[in-house]
Amino acid sequence: MTQPAPSAQHHGPEKGTVSGPAPAPPSKQGGGPRALGLRLDVRNLSLLGVLAVLALVGGLTEPDAFLDTGNLQLILTQSSVIGVVTVGVTLVIIGGGIDLSVGAMVALASVWATTLATQDFGFAGILFTAVIVGLAAGLVNGVLIAYGRLVPFIATLAMLASARGLALQITDGKTQIVTVQSVLDLGLPDAYVLGIPPLVLVFAAVTVVGWLILNRTTFGRRTVAIGGNAEAARLAGIDVRRQRLYLYLLSGLCCGIAAFMLIILSGSGQNTNGNLYELDAIAAAIIGGTLLSGGRGTIVGSVLGVLIFTTITNIFALNNLQSDVQQIAKGAIIVAAVLVQRRTLRNGET
């Protein structure tokens, strides 16, 4: 009896043979996760280098004023409020979204928390109101984007206009002075801990928590996943809509905390609070290496971006340079950061 000829359509391994694992395809990411981590480390080191250069410039141009302990405390304090906002914005952008309403949410939370009715409840009433208003605004953004399927740009732009309008309506265009002494005391030098203002300690705590969320939790991995490829994340079992809702809630929470910090810093609530915070926060995140398209970014880089912007502003102010020059310099830095990002991405893909 003749044996049948083997089928030309047979695709599996023949009996008696051992099939080994197929060789892994070459990485297209310039060396994989290790190379990505190396690039991020190099970027953070370069940002530290920029900070060092700025400190040198400040020390050479205004040595007595810039290197004064009070001025350095001022730089850190001014970085704290926008820095807390930037942590929330960074998480949103890494998740593939954008939040243009953070400045308006800070304004709304600050004026709502400083009304006479709220101040009657003292320190706890002001803090609670600021945080709850921030969370509520973030919840609205999250629901509209995640479940209403609105484009993040449009939804947060609408929140920007609405929150600003509501803040103006609450204050009637007037400044609301804080009379709760326990709140005002936190802004005084007597409240400093080892020479560090309390607002800086809050900023440090928010930064650490944000870093842990992004780098040491499943929530952080899911955030990166939906920012890189939302459809692939959905097919992998991630609830993309719920994840986006949580991200905007976190952004709102950061805005509420920043609003309370701003109340301590200024001793008042105004409808103009948080003006252009959204642009500063997004710019700081970009400089820190966060991709606007999502899927990549670091909390540390964003914080360094905040410190760079604040230091530049401080140096310009000490040298009596006009504010328009400051804005031009910031714009040039943003463009340079985006160009560096594009070059890094091209090198990573080759």
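Author: Helices here are DSSP runs of H or I with at least four residues, and strands are runs of E with at least two, numbered from the N terminus. Just after helix α12, Gly267 takes a positive phi of about 70°. The model is a predicted one, in which local features need pLDDT of at least 70 and side-chain atom pairs count only at pLDDT 80 or more, while totals for chains, interfaces and linings use all residues. Residues are numbered from 1 along each chain as its sequence is written, and side-chain values use heavy atoms, with hydrogens and water left out.

Helix α12 covers residues 240–266. The expected span of a helix is 1.5 Å times one less than its number of residues. For the 27 residues of α12 this gives 39 Å, which agrees with the 39 Å between its end C-alpha atoms.

Within α12 lies Met261. Its relative accessible area is 2%, so Met261 is buried (buried means under 20% relative accessible area, exposed over 50%, and partly exposed in between, with a 1.4 Å probe and protein chains only). Contact means heavy atoms within 4.5 Å. Neighbours within four places in sequence aside, Met261 is in contact with Ser80, Val81, Val84, Leu199, Val202 and Phe203. The C-alpha atoms of Met261 and Leu186 are 9.3 Å apart, although 75 residues separate the two along the chain.

A nonpolar core is a set of buried Ala, Val, Leu, Ile, Met, Phe, Trp, Tyr and Cys residues joined through side-chain atoms within 4.5 Å. The largest such core has 76 residues, of which Val85, Val106 and Ile126 touch the most other members. Helix α12 gives the most to this core, with twelve residues. With neighbours within four places in sequence again left aside, Val85 is in contact with Val102, Val106, Ala258, Tyr277 and Ala281. In soluble globular proteins, nonpolar side chains tend to be buried together.

The charged pairs remain. A salt bridge is a side-chain nitrogen of Lys or Arg within 4 Å of a carboxyl oxygen of Asp or Glu, and the structure holds two. One joins Arg242 to Asp239, with the closest N and O atoms 4.0 Å apart. Arg242 is partly exposed at 39% relative accessible area, and Asp239 is likewise partly exposed at 35%. The other joins Arg234 to Glu231, with a closest N and O separation of 2.5 Å. Both residues belong to helix α11 (residues 230–235), three residues apart, about one turn of the helix. Arg234, at 46% relative accessibility, counts as partly exposed, and so does Glu231, at 42%.
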